[in-house]
Amino acid sequence: MAYRDLREFVEVLEKEGELNRVKAEVDWDLEAGAITRRAMDLKEAAPLFENIKGYPAGFRLLGALLGPTKPVIQGRFALAIGLPKDTPTIKIIEEFTERLRGRVKPVLIPSAPCQENVLEGDQIDLLKLPAPLIHEMDGGRFLGTWHIDITKDPDSGWVNWGTYRHMVLDADSLGFLASPMQHGPSVFYQKYEPRAESMPMAIAIGTEPVCNIVASAPLPAYVDEAEVGGAIRQQPIELVKCGSCDLEVPASSEIVLEGEVVKERRMEGPFAEYTGYATGGTESPVFKVKRITYRDAPILAFSNTGKPWTEEGVSDSIVLSSVLAGELKKAGIPFQSLYVPPHNLAVIVSARSPYPGFVHTLACALWGSKAGILRPYIIVVGEDVDVTNSDEVFWCLTTRLHPVNGVHVQKATPGIPLWPFLTPEEKKSRKGVRILLDATFPAEWDKKEVPVPVDFESGWPAHIREKVLARWKEYGY
């Protein structure tokens, strides 16, 4: 099913036992963040804070929207795209990959509830919104952690949706962190700034879930995320025009910030990031807010990043797996399955090497793509290995990976300061390193030399397996 807005999705989560309405007063200052983190650690329901200390009744905070669930980690993600929450991970990836191929054009509507309340001029104060201080090590209160940044290429007119963190700097200013190799604010701003022009940008917070999912997807240049989102939700996304700039935002938004990125740099961060570590502050461009609009009783959705599993890890795991699988298919490279674990830095591919050096062909296709350029680890395992099962992957790594011949390192590759393993010099220069781990048996080995794995499928003849399965309950299991 397609959800009209975030509120309709919240209702479904509640019916599925995946939402907890927190009616007790909760402080935006670390308490909401700690509760959300604990809920994710225990794979409990997403907390909707309905009584925020120091804020009027009706202003709400929502954490862990797509956070981990039991028994399938990505259960809320499945619900977000209209699948049952117990859909197996590989099936979610396959369905998402299939829908990624489609396009459904958005629909422009004249008005939307996200414009029910308008703040302009002297009325603007970003802290009128309950931006949380999420982690103790954060440099400030972050208003943008689960949102959409909407920008436009000044040359081609291509509109891009992305997600880049935003720390509150003062009443009308936000910082943002974006990598130079990513589409959207960073790449586009490199065109505006030399022309001494400010870059228009809108930030949409609290959209229906698919909008957030496609905004964080590493889609190719000139692809319209709104059209992709329509294909994912199998229904057009409704857009509405901003009041102060020539941009359009999802009509389902709870809160919209309109403004421009100006020629100014200020310290942004630190912030506890998706890698599971806090990253230091950096001099970043400044977003000046000119207009704030929001629904009555707005819901401010936020992401509590950190060690897996978090909602960002859940979403990116499916999205990146789908996009990268598509890259291999497009390149005509054979493989069994592909999975990006929740930390998002590694790609695990199960494949059979049809010829010597095949893994390098596979790795080049992944690292040469937008989605793969920032994945420093590629692990190739055998076709018999379940890439979503960490136990099987680790077993394969420790029994098939040759400690010398199977390890391939590339130096001076693209990198970002968020990677905790980089040296201070590498972070400053944005140079990285990446590694390919080939945990497959070489293609040139004689079949008689290839070890046979021992498990239920391979260790017993078919008639014995069928007998055991048929009598399983009889055995007392």
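Analyst: Here is a short tour by topic, and note that this is a predicted model.

User: Start with β17. Which residues does strand β17 cover, and how does β5 pair with it?

Analyst: Strand β17 spans residues 282-294. Strand β5, residues 117-120, pairs with β17 in the antiparallel sense over four bridges. Within that pairing, Val118 has Thr293 as its bridge partner.

User: How many bridges join β14 to β17?

Analyst: There are 12 bridges, and the two strands run antiparallel. Strand β14 covers residues 255-268. Ile255 stands opposite Tyr294 of β17.

User: And β10? In which sense does that strand pair with β17?

Analyst: Antiparallel, over three bridges. Strand β10 is made of residues 173-175. Gly175 has Val286 in β17 as its bridge partner.

User: Which residue forms a salt bridge with Lys288?

Analyst: Asp172 does, with the closest N and O atoms 3.5 Å apart. Asp172 sits in the loop between β9 (166-170) and β10, while Lys288 is in strand β17, so the pair ties together parts that are 116 residues apart in sequence.

User: Is Arg76 buried or exposed?

Analyst: Buried, with a relative accessible area of 1%. Glu18 counts as buried too, at 6% relative accessibility. The cut-off for buried is under 20%.

User: What about a pair inside one helix? Which residue does Glu95 meet in a salt bridge?

Analyst: Arg99, at 2.8 Å from N to O. Both residues are in helix α4 (residues 89-100). Because Glu95 and Arg99 are four residues apart there, about one helical turn separates them.

User: How accessible is each side of that pair? Glu95, then Arg99.

Analyst: Glu95 is partly exposed at 27% relative accessibility. Arg99 is buried at 9%.

User: Which residues are linked in a network of salt bridges?

Analyst: Asp5, Arg7, Glu254 and Arg295 are linked that way.

User: Why can such side chains pair at all?

Analyst: Side chains of opposite charge can pair when their charged atoms come close.

User: Why call α8 largely enclosed by the rest of the structure?

Analyst: Because 17 of its 20 residues are buried.

User: Which glycine follows α8?

Analyst: Gly332, whose phi is positive, near 70 degrees.

User: Next, the open sheet of five strands. What is the strand order?

Analyst: The order is β19-β20-β21-β23-β22, with mixed pairing. Strands β19 (337-339) and β22 (407-414) are at the edges. Each has a single partner strand, so one side of each is left without a neighbour in the sheet. Neighbouring strands are turned by 15 degrees against each other on average, direction ignored.

User: How do β21 and β23 run?

Analyst: They run parallel, joined by five bridges. Strand β21 covers residues 377-381, and strand β23 covers 431-439. Val381 has Ala439 as its bridge partner in β23.

User: Last topic, the surface. Which residues form a nonpolar patch?

Analyst: Phe456, Trp460 and Leu469 do, with about 320 Å² of accessible area together. Phe456 lies in helix α12, residues 456-459. At 35% relative accessibility, Phe456 counts as partly exposed.

User: And for contrast, where is Leu13 found?

Analyst: In helix α1. Leu13 is buried, at 0% relative accessibility. Its C-alpha is 19 Å from that of Arg38, which is 25 residues away along the chain.

How values were computed
Residues numbered from 1 in each chain as written. Predicted model: local features only at pLDDT ≥ 70, side-chain atom pairs only at ≥ 80, totals over all residues. Heavy atoms only, no water. Pairing = 2+ DSSP bridges. Patch = residues over 30% accessible without salt bridge, like charges linked within 9 Å, V, L, I, M, F, W, Y side chains within 5 Å. Areas by Shrake-Rupley, 256 points an atom, 1.4 Å probe, with all protein chains shown as cover. Salt bridge = Lys/Arg side-chain N within 4 Å of Asp/Glu carboxyl O. Buried < 20%, exposed > 50% of the residue type's maximum accessible area, 1.4 Å probe, protein only. Axes fitted to C-alpha atoms, helices over the stretch in contact; angles between N-to-C directions.
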